Amino acid sequence: MAGVPDAVVKAFDRRGGRALMLGHVHPDADVLGTLLALGAALEGRGWRVIYGGPHAPPASLAFLPGIERYEVLDRIEDGFDVAVLTDCPNPERTEGRLEAARRAARTIVDIDHHPDNRLYGDVNWIDVTAAATGEMIYRLLGALGLPLTPAIATNLLTAIHTDTGSFRYSNVTPETLRIAADLVQAGAEPAAISSALYERRTPDALRLLADTLGRVELSADGRIAWLALPAGLVPDHFVESEELVNYPRSIASVQVACLLREHGGRVKVSLRGKGAVDLTRVAARFGGGGHANAAGCTLPGPLAAATSQVLGAVREALPAAARGA
Ligand code: 5GP
Ligand code: MN
């Protein structure tokens with residue numbers, strides 16, 4: 001863990017500026033929690049803040065304090081001192097909003113923990129050792145001397161909670177747990193956050209889950225498990241609120257789990273690993289990216305062709321002893 005760079009502190013270290021908190025496509029808890037937390041802290045210091053991005057937040061994150069402020073931005077007005085992007089490795093993930101933000105804001109600040117971040121900001125702060133961008137924003141608020149309110153702490157703990165799989169993944173460090181402890185001290189409630197994230201299913205979600213999980217397939221050597229979902233099989237909101245890739249991942253022998261979801265003629269792929277393979281390299285073969293153990297990409301359909309291409313790439317990437325699937 002390195003310190004917060006001076007240029008990042010300087011971008012925010014004054015009263016009463018205007019900030020655009022700009023999210024990436026299909027925003028998750030890490031991007032939303034960090035934008036809402038930093039924005040709320042700046043508002044506490046007299047800033048005016050707009051929050052938004054190309055897509056609306058998922059209903060499953062409606063409990064995040066301040067989420068009602070997050071807009072789908074089709075046009076971006078002028079006059080921002082800074083536009084902040086968190087958890088966003090490349091301009092494409094803003095679907096054109098970054099270019100609009102460059103015209104509207106004096107300084108673009110890029111805060112991220114992805115190893116493939118393209119350094120598209122005027123100020124770039126990338127810490128690949130951070131489990132979540134939530135850890136970085138926690139440290140930034142500390143460096144700025146901005147207080148942690150319960151609302152800010154809830155946003156940041158949710159960001160860290162989700163990016164670490166509830167503190168179960170290999171990205172968890174002593175620092176992650178120290179930060180989480182401090183956020184709980186500041187008023188974030190772990191039980192309430194866990195319940196809001198994982199105990200909000202409708203009865204029909206369990207039925208859909210039962211139907212869906214029957215489709216999980218396992219390679220002959222047991223190291224690759226995948227779930228391929230044809231278009232229209234299950235509702236969008238179901239896929240968005242379930243981390244379906246976690247089920248194939250939960251098989252003991254599995255080293256790489258894949259979720260392939262056909263949608264609008266394309267196939268969105270989520271990859272999860274347990275350390276045997278650098279999945280950023282697999283995803284990069286199809287124009288995607290992410291982290292070593294959690295990456296994603298999108299391929300053209302149909303589903304069967306995309307599935308065999310992705311499984312082929314995963315097999316090639318697995319160490320020789322692990323092949324033969
Ligand atoms: P998920 O599987 O949850 O969509 O994404 C897992 C990780 O992979 C996240 O860190 C996300 O940023 C990254 N990721 C997912 N899809 C893409 C993609 O199409 N392009 C890039 N560059 N990264 C992706
Ligand atoms: Mn993240």
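1. For the cut-offs, buried is under 20% relative accessible area, exposed is over 50%, and partly exposed is in between, using a 1.4 Å probe and protein chains only. His26 sits in the loop between E1 and H2, with helices (H or I, at least four residues) and strands (E, at least two) taken as DSSP runs numbered from the N terminus. Its backbone deserves a look: phi of His26 is near 40°, a positive value in a residue other than glycine.

2. A word on the basis of all this. This is a predicted model, where local features need pLDDT of at least 70, side-chain atom pairs count only at pLDDT 80 or more, and totals for chains, interfaces and linings use all residues. Residues are numbered from 1 along each chain as its sequence is written, chains are lettered from A and ligands numbered from 1 in the order in which they are written, and side-chain values use heavy atoms, with hydrogens and water left out.

3. Two other backbone spots are worth checking. Leu119, in the loop between strand E5 (105-112) and strand E6 (123-126), also has a positive phi, near 55°, in a residue other than glycine. Then there is the peptide bond from Gly301 to Pro302, which is cis with omega near -5°. Pro302 belongs to the loop between E12 and helix H12 (303-317).

4. Now ligand 1. Its shell holds 14 residues, and the closest are Arg93, His114, Ser270, Arg272 and Gly289; a residue counts as near if one of its heavy atoms lies within 4 Å of the molecule or strand. By type, the shell divides into 3 nonpolar, 8 polar and 3 charged residues. In that scheme Ala, Val, Leu, Ile, Met, Phe, Trp, Tyr, Cys and Pro are nonpolar, Asp, Glu, Lys and Arg are charged, and the others, Gly among them, are polar.

5. What holds polar atoms up against ligand 1? A polar side-chain atom of His114 is 2.8 Å from an oxygen atom of the ligand. An N or O atom in the side chain of Asn90 lies 3.4 Å from a ligand nitrogen, and a polar backbone atom of Gly296 lies 3.3 Å from a ligand oxygen. On its own, ligand 1 exposes 490 Å², and the protein buries 81% of that; these accessible areas come from the Shrake-Rupley method with a 1.4 Å probe, and for residues only the protein chains shown count as cover.

6. Where does the shell come from? Strand E10 (266-273), strand E11 (289-291) and strand E12 (294-300) are the elements that give two or more residues to the shell around ligand 1. E12 gives the most, with 4 residues. Both domain 1 (6-198) and domain 2 (206-322) give residues to this shell, so ligand 1 lies between them. The domain bounds come from an automatic or database domain assignment.

7. On the cysteines: how many disulfides are there? The count comes to 0, where a disulfide is a pair of cysteine sulfur atoms within 2.5 Å. The sulfur of Cys88 is 17 Å from the closest cysteine sulfur, in Cys297, which is too far for a bond. The sulfur of Cys297 is 9.2 Å from its own closest cysteine sulfur, in Cys258, again too far for a bond. As for burial, Cys88 has a relative accessible area of 0% and Cys297 counts as buried at 5%.

8. Some contacts across the sequence, around Arg15. Arg15 lies in the loop between helix H1 (6-12) and strand E1 (18-22), and it is exposed, at 63% relative accessible area. Its C-alpha is 6.6 Å from that of Trp47, 32 residues apart along the chain. Arg15 and Leu42 are 27 residues apart in sequence and 8.2 Å apart C-alpha to C-alpha. Leu42 is in helix H2 (residues 29-43) and is buried, at 0% relative accessibility.

9. Finally, two pairs with wider sequence gaps. Val4, in the segment before H1, is buried at 18%; its C-alpha is 9.9 Å from that of Ile126, 122 residues apart in sequence. Leu156 is in helix H5 (residues 150-163) and is buried at 0%. Leu156 and Val31 are 125 residues apart in sequence, with 9.8 Å between their C-alpha atoms.

How values were computed: A polar contact is a pair of N or O atoms within 3.5 Å; within protein, one must be able to donate a hydrogen and the other to accept it, and residues adjacent in sequence count only if both atoms are side-chain atoms.
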